[in-house]
Amino acid sequence: MCGIVGYTGTRPVQNILVEGLSRLEYRGYDSAGVAIEQDGALQVIHRKGKVGSLAHTLGHFDFSGTCGIGHTRWATHGRPSEANAHPHVSCDGRIAVVHNGIIENFAELREELEAAGHAFSSETDTEVIPHLIEEACREGADLFQAVREAAERLIGAYAIAAVSAEEPGVLVAARKDSPLVVGLADDGSYVASDIIAVLDATREVVVLSDGDVAKLSPDAREFYNARGERFQPEVAHVDWDVDVAEKGGYPDFMLKEIHEQPRVIRDTLAGRLVNGALAIDELDLSVEELNLIDRVYVIACGTSYHAGLIAKNLVEGWARIPCECEVASEFRYRNPIITPTTLVVAVSQSGETADTLAAIRDARVKGARVFGITNVVGSPVARESDGVIYTKANKEIAVASTKSFLGQVVSLTLLALLLAQVKGKLKMNQVRLLFRELADTADQVERILLECGPAVDAAAQACKDAASALFVGRGMGAAIACEGALKLKEISYLHAEAYPAGEMKHGPIALIDEGFPVIAVATKSPVYDKVVSNLQEAKARGAMVVAVATEGDEEIGRHADHVVFIPKVRDAFSAVTASVPLQLFARAIALERGCDVDQPRNLAKSVTVE
């Protein structure tokens, strides 16, 4: 869950590495480091903390070397420290490696290498890689051969970039189950774990597949597959703008991305209603095959899991087929019931979530059709699924997902509508009406962003000093409450739990005393009266109630201390609108508590390890 950048060519590499790492800092920010070829040696510099600390140190140098690698880390093996920061080097300091992923057999490899005389200086799993490469080089291999030999010994996931002082200008990159791209430019070749790191230099990229190894030098590029065969790669042209990674006048990326949500809704729906019928051609299933689907699993993690909870309500309510939403990290370990008529929907913002990818592979082995929903074109989830919907959110920089979540909710809503259409559970005029109402939520979200600020800020002021909070809702509101609680935990470090409101009296109500915050999704719905009854129970015990409610609701003010009103929508679409004030609420509290809303502690944007 880290960021890699590398370059070999004709330009000085120092600033290229720093700029690339700054673009990738959302992927990891515990520590950062670079290795730069300079005067026949490798200059390796690490710093604990964010990329700015590394940049400050490098500002005292003016390296002229034109080949190097850099890394920004999110700790898995070993605490955040300079010793554990990448790049890691061989015993003689002549080989340097950066790595994303997890090496599952590193303990055995480390023991073997130490017995052979190698000395280790970190607690990381990554450090076995430069020592394996060094061992292969001692036996006569060049850097390319040594990286391939080392990779064959590794069990787990990896994206690797390596350089050697013995082979100036040569950069070798390899991947398995962790993303890596090669950028092609007139001045040289770039390597990165995310396309965004190379967009300033080139729009032409090669997305490496599992087992691929690239050997790059200032005047040559060679690509080899897992069998060691040289091949001519497919070059993709990236047409989205680099300014998606800039704040555009907003104080932080999170607020910018919250305000981009109306555009995400519109873009995700564009072209989906064709001749009066829903069309998701990417699903790659015929009407007959879709009609045979008799069970749906939505597998996801974190925020994406909450989008799946919403989908469960919609698929079962509209298409009338069983739908289970499961945490991907548990799905493949419990031997779920899967048949050829099972549809597995894998949801991942990054498209590279390790747990979700593992669940996809297990589902495919068992015969299921797999459909991906992701924000990243060409990502592993997209490549390993039978079909895919892209959420059209563009790059999301803030670690806490907002616009990608709404994109997922809208995409899953489309899928539920399509299943209902194919199975004849909804008539065509009903599908068209629901589609239009879903499209209208873009305008409604814009209204929320314009109007609800003062109410959100007042509620945040009242709750900012709390030690814990309880989020509640019923039906669709229960799923929305889960996402609201996660957002608050993620960025403000204020402990929060979410419960179906009816479950409150079965345990959680014991938490409530004077002033305890209870945040309720209390929009108009078939279970509205039940939610109000639960709020009365909380108020009777001294709770401070914050309610997200439907405008025009004159009753809710009698049961809540703070109310954030949102436009009236069909209950099926309430997740789209009611989630927005909860995002703003979490951000407002985080700012009041002095937290970094874009880069919360201990979290990374892309979770590429299990």
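**Reading a predicted fold, step by step**

User: Which elements have the lowest and the highest mean pLDDT here?

Analyst: This is a predicted model, and strand E15 (residues 273-274) has the lowest mean pLDDT among the elements, 80. Strand E12 (residues 213-217) has the highest, 97. As a general idea, where pLDDT is low, the predicted coordinates should not be read in detail. For the protein overall, the mean is 89, with 96% of residues at 70 or more.

User: OK, on to the fold. How many helices and strands are there, and how compact is the protein?

Analyst: You'll find 18 helices and 26 strands. The radius of gyration is 25 Å, close to the 25 Å the globule rule gives for 610 residues, so the protein is as compact as a globular protein of that length. The C-alpha trace spans about 80 × 55 × 45 Å along its principal axes.

User: What share of the residues is buried, and what share of the contacts comes from residues 24 or more positions apart?

Analyst: Buried residues make up 61% of the 610. Taking contacts with a separation of 6 or more, 72% are between residues 24 or more positions apart.

User: Let's zoom in on a helix. Which residues of H1 are buried?

Analyst: First the general idea: an α-helix has 3.6 residues a turn, so residues three or four places apart point the same way. Now the case: H1 covers residues 14-24, and eight of its eleven residues are buried. They are Gln14, Ile16, Leu17, Val18, Gly20, Leu21, Arg23 and Leu24.

User: What do the buried residues of H1 pack against?

Analyst: Their partners are strands E1 (3-9), E2 (31-38), E4 (67-73) and E10 (188-192), plus helix H2 (51-58).

User: Which residues is Glu257 in contact with, leaving aside neighbours within four places in sequence?

Analyst: Glu257 touches Lys395, Glu396, Ile397, Ala398, Thr402 and Lys403. As for Val147, that residue is 110 residues from Glu257 in sequence and 39 Å away in space, C-alpha to C-alpha.

Notes: Residues numbered from 1 in each chain as written. Predicted model: local features only at pLDDT ≥ 70, side-chain atom pairs only at ≥ 80, totals over all residues. Heavy atoms only, no water. pLDDT = per-residue confidence, 0-100. Helix = DSSP H or I, 4+ residues; strand = E, 2+ residues; numbered from the N terminus. Rg over C-alpha atoms; globule rule 2.2 N^0.38 Å. Buried < 20%, exposed > 50% of the residue type's maximum accessible area, 1.4 Å probe, protein only. Contact = heavy atoms within 4.5 Å.
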